[in-house]
Structure formats: C-alpha cells, structure tokens
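Open the model in your viewer and keep the sequence panel beside it. The stops below go from the whole chain down to single residues.

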Amino acid sequence: MSQKVAVLGTGKIGEALLSGMIRAGWAPADLLVTARRPERAEELRTRYGVTPVTNAEAAKTADTLILTVKPQDMGTLLDELAPHTPADRLVISGAAGIPTSFFEERLAAGTPVVRVMTNTPALVDEAMSVISAGSHASEADLAHADEIFGAVGKTLRVPESQQDACTALSGSGPAYFFYLVEAMTDAGILLGLPRDKAHDLIVQSAIGAATMLRDSGEHPVKLRENVTSPAGTTISAIRELENHGVRAALIAALEAARDRSRELASGNS
Ligand SMILES: NC(=O)C1=CN([C@@H]2O[C@H](COP(=O)(O)OP(=O)(O)OC[C@H]3O[C@@H](n4cnc5c(N)ncnc54)[C@H](OP(=O)(O)O)[C@@H]3O)[C@@H](O)[C@H]2O)C=CC1
Ligand SMILES: O=C(O)[C@@H]1CCC=N1
C-alpha cells in the first residue's frame with residue numbers, strides 16, 4: 001500500500017513543498033491537502049490534482065502529517081487534530097520556533113514528531129531544510145523527512161537546540177539576500193542606471209557569486225579579496241560598508257531573528 005502524505009495548512013511553504021514533491025515523482029493521488037478557505041482547497045486540487053480533505057480526515061487517512069500553518073495557528077490546529085491522530089502517524093512540523101515537545105504534549109503518547117525549518121527557495125528546488133528529531137522520532141522517521149524535503153533542495157540534520165539559530169540563518173536567510181538586491185538596485189538608480197538594467201546587473205552578480213561560493217571550494221574571504229584590487233573601486237565600497245557597521249548590523253539582525261524564533265515557542269504573537 002502506498003504511503004499517504006498530508007500537508008495541513010497549505011500556504012506558501014506548504015504549496016512549495018507539495019509542488020516539489022510532485023516534481024520529484026510523488027503521485028498526486030497519494031497527497032492530501034488541507035486549507036482554511038474552500039477556494040484555496042479547490043485551487044490546490046485544480047493546480048496539482050491533489051485531494052483536499054479536512055484536518056480530521058487527514059489525520060485519520062495519511063501516514064505522514066506535515067503541519068505548515070503559522071506558529072500562532074499551531075495550537076488551534078493541534079486541538080483539532082489530537083482526537084483523530086493515532087500515535088503511529090509521523091508528524092512533521094514546518095513552523096518556526098515551536099519545539100517538538102509542544103506537539104508531543106498535545107498528541108497521543110509516543111507520537112513521533114520531526115521539526116523542519118525549510119526556506120522559500122523550495123520553489124526552485126534550492127531549499128535549505130534543517131531537520132531535528134523529537135523524543136519519539138526514529139532514524140526511519142528522520143529518513144522519511146529527509147526524503148520529503150530532499151525533493152526541494154538540500155537537507156541537514158541538527159540537534160533541536162540549534163533550530164532557532166538555523167531559522168535565523170537559512171529560514172529567514174533568503175529575505176536578507178532579497179533585501180540586499182533591493183538596496184543595491186536602488187544604488188544603481190542613484191548612479192544613473194535604469195531600474196531594469198540595475199536589477200539585471202545585481203541579480204546576475206548574485207547568481208555568479210552564489211555559484212562561486214557553492215562550487216569553487218574557496219573561503220568567502222578569499223573570493224572577496226580576489227575582487228578587491230589595491231587602491232581600486234571595491235575597497236572604497238568595503239570601507240563604507242565597514243564605516244556604516246554593516247557586519248555588526250547583520251550579526252545583530254540574525255541574533256534578533258534567533259531571539260524571535262525562541263519567543264514564538266512560548267506562543268507570543
Ligand atoms: N515563509 C517562509 O519563508 C517560511 C515559513 N516557515 C514556516 O512555515 C509556516 C507557514 O508559513 P507560510 O507558508 O509563510 O504561511 P502561510 O500563511 O502562507 O500558510 C499557512 C496556511 O495555513 C492555513 N491555515 C491556518 N490555520 C489552518 C487550519 N486550522 N487548517 C487548515 N489551514 C490552516 C492558512 O490559511 P489562510 O490562507 O486562510 O490564512 C494559510 O494558507 C510557518 O509556521 C512559518 O514559520 C518556514 C520557513 C520559511
Ligand atoms: O519570518 C518567519 O517567521 C518565517 C520563518 C522563517 C522564514 N519566515
């Protein structure tokens with residue numbers, strides 16, 4: 001019998017995962033989805049050929065439940081699921097901040113729970129997904145999570161104690177790069193370039209730099225030094241970045257994201 005997987009709360013992340021699983025060969029007939037709004041459920045059925053069900057039906061029918069609602073909605077979802085979820089279901093949470101103990105306390109004793117922090121490049125099969133086991137999750141459960149999230153990019157296993165830091169780095173990470181591109185494109189406008197050309201120059205430079213970071217085997221410092229000629233243009237720019245505390249700002253920003261992830265654990269909205 002085929003294993004059924006349900007995505008509960010299929011918004012941006014849930015849909016990115018669902019579409020990646022289908023691209024990777026999962027049969028839509030084995031995929032169930034839940035949504036809060038009926039029109040959203042129909043949209044998913046039309047777009048992917050998957051079956052919309054209620055949260056309770058998903059819990060009764062699917063072997064693996066992937067919960068992708070906002071952290072603030074997780075308590076309500078678990079109240080709905082708990083009476084219908086047998087202890088042999090694998091529950092995978094994709095939510096920021098919420099520890100596996102939150103699920104274990106609300107579901108049947110012994111339910112295996114896996115916590116995953118992915119990111120939006122899942123949409124282009126370039127996600128970074130960080131995976132941790134709860135107290136009852138086995139190696140087979142982790143391997144199943146690896147298989148599902150491996151459909152949309154890289155996976156890495158970490159102890160759960162590192163999840164909030166990983167959320168700050170890779171969960172939120174794409175937003176920092178989009179922000180940098182936005183700011184650098186504005187700089188291009190200031191320097192007199194048309195917006196579309198500035199955008200193309202910066203995006204291609206980002207793609208080139210990212211590919212070198214991944215494939216060259218060189219340390220980022222070395223890659224930057226290779227661009228930085230004596231008395232040249234790059235060092236003039238780097239001096240301004242240092243003068244404006246950009247490195248310190250990034251460290252403080254990621255620390256704030258880590259702290260916010262910890263706060264979400266205590267149900268702060
Ligand atoms: N966005 C990101 O970059 C990342 C997000 N995450 C995590 O993923 C999770 C989802 O985020 P994201 O996809 O951005 O959020 P979305 O709001 O896009 O998706 C959540 C979806 O869950 C639906 N929903 C809420 N409650 C229920 C319920 N009881 N039953 C069924 N559906 C429900 C919402 O419905 P409605 O549309 O009606 O609100 C919404 O469509 C969060 O926990 C977040 O921390 C993790 C990594 C990256
Ligand atoms: O901003 C957020 O809370 C979510 C989690 C990681 C990325 N987006």
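**The whole protein**

Accessible areas here come from the Shrake-Rupley method with a 1.4 Å probe, and for residues only the protein chains shown count as cover. The model is predicted, so to speak of a local feature a pLDDT of at least 70 is needed, and side-chain atom pairs count only at pLDDT 80 or more, while totals for chains, interfaces and linings use all residues. Residues are numbered from 1 along each chain as its sequence is written, chains are lettered from A and ligands numbered from 1 in the order in which they are written, and side-chain values use heavy atoms, with hydrogens and water left out.

Switch to the cartoon view. The protein has 12 helices and eight strands; helices (H or I, at least four residues) and strands (E, at least two) are DSSP runs, numbered from the N terminus. Taken along the principal axes, the C-alpha atoms fill a box of roughly 70 × 40 × 35 Å. Of the 269 residues, 39% count as buried. Buried means under 20% relative accessible area, exposed means over 50%, and partly exposed lies in between (1.4 Å probe, protein chains only).

**Residues 4-97**

Select residues 4-97. An unreviewed UniProt entry annotates this span as "domain: Pyrroline-5-carboxylate reductase catalytic N-terminal". UniProt positions are given in the numbering used here, feature names are shortened, and annotations may be inferred rather than shown by experiment. The span is 40% helix and 19% strand, and its end C-alpha atoms lie 27 Å apart.

**The nonpolar cores**

Which residues have the most contacts inside the largest nonpolar core? Select Leu-18, Met-21, Ile-92, Val-114 and Ile-148; the core has 27 residues. A nonpolar core is a set of buried Ala, Val, Leu, Ile, Met, Phe, Trp, Tyr and Cys residues joined through side-chain atoms within 4.5 Å. Among the elements that give two or more residues to this core are strand 1 (5-8), helix 1 (12-23), strand 5 (90-93) and helix 6 (139-150). In soluble globular proteins, nonpolar side chains tend to be buried together.

Now centre on Ile-92. Leaving aside neighbours within four places in sequence, Ile-92 is in contact (heavy atoms within 4.5 Å) with residues including Leu-65, Val-114, Ala-145 and Ile-148. A second, separate core of 21 residues includes Leu-32, Val-53, Leu-78 and Phe-102.

**Ligand 1**

Select ligand 1 and the residues around it. There are 21 of them, and Lys-12, Ile-13, Arg-36, Arg-37 and Val-69 come nearest; a residue is near a molecule if one of its heavy atoms lies within 4 Å of it.

Show distances next. An N or O atom in the side chain of Arg-37 is 2.9 Å from an oxygen atom of ligand 1. A polar backbone atom of Gly-94 is 3.5 Å from an oxygen atom of ligand 1. On its own, ligand 1 has 890 Å² of accessible area, and the protein covers 84% of it.

Go to Asn-55, where UniProt (unreviewed entry) places the feature "binding site". A polar side-chain atom of Asn-55 lies 3.0 Å from a nitrogen atom of ligand 1. Asn-55 is found in helix 3 (residues 55-61). Is Asn-55 buried or exposed? Asn-55 counts as buried, because its relative accessibility is 14%.

**Arg-89**

Select Arg-89, in the loop between helix 4 (74-81) and strand 5. Arg-89 is buried, with a relative accessible area of 10%. A polar contact of 3.0 Å joins its side chain to that of Asp-88. Such a contact is a pair of N or O atoms within 3.5 Å; within protein, one must be able to donate a hydrogen and the other to accept it, and residues adjacent in sequence count only if both atoms are side-chain atoms.

**Two loop residues**

Move to Asp-125, in the loop between strand 6 and strand 7. Asp-125 has a positive phi of about 60° although it is not a glycine, and at 32% relative accessibility it counts as partly exposed.

Finish at Ala-231, in the loop between helix 10 (220-227) and helix 11 (233-243). Ala-231 is not a glycine either, yet has a positive phi of about 55°. Ala-231 counts as exposed, at 81% relative accessibility.
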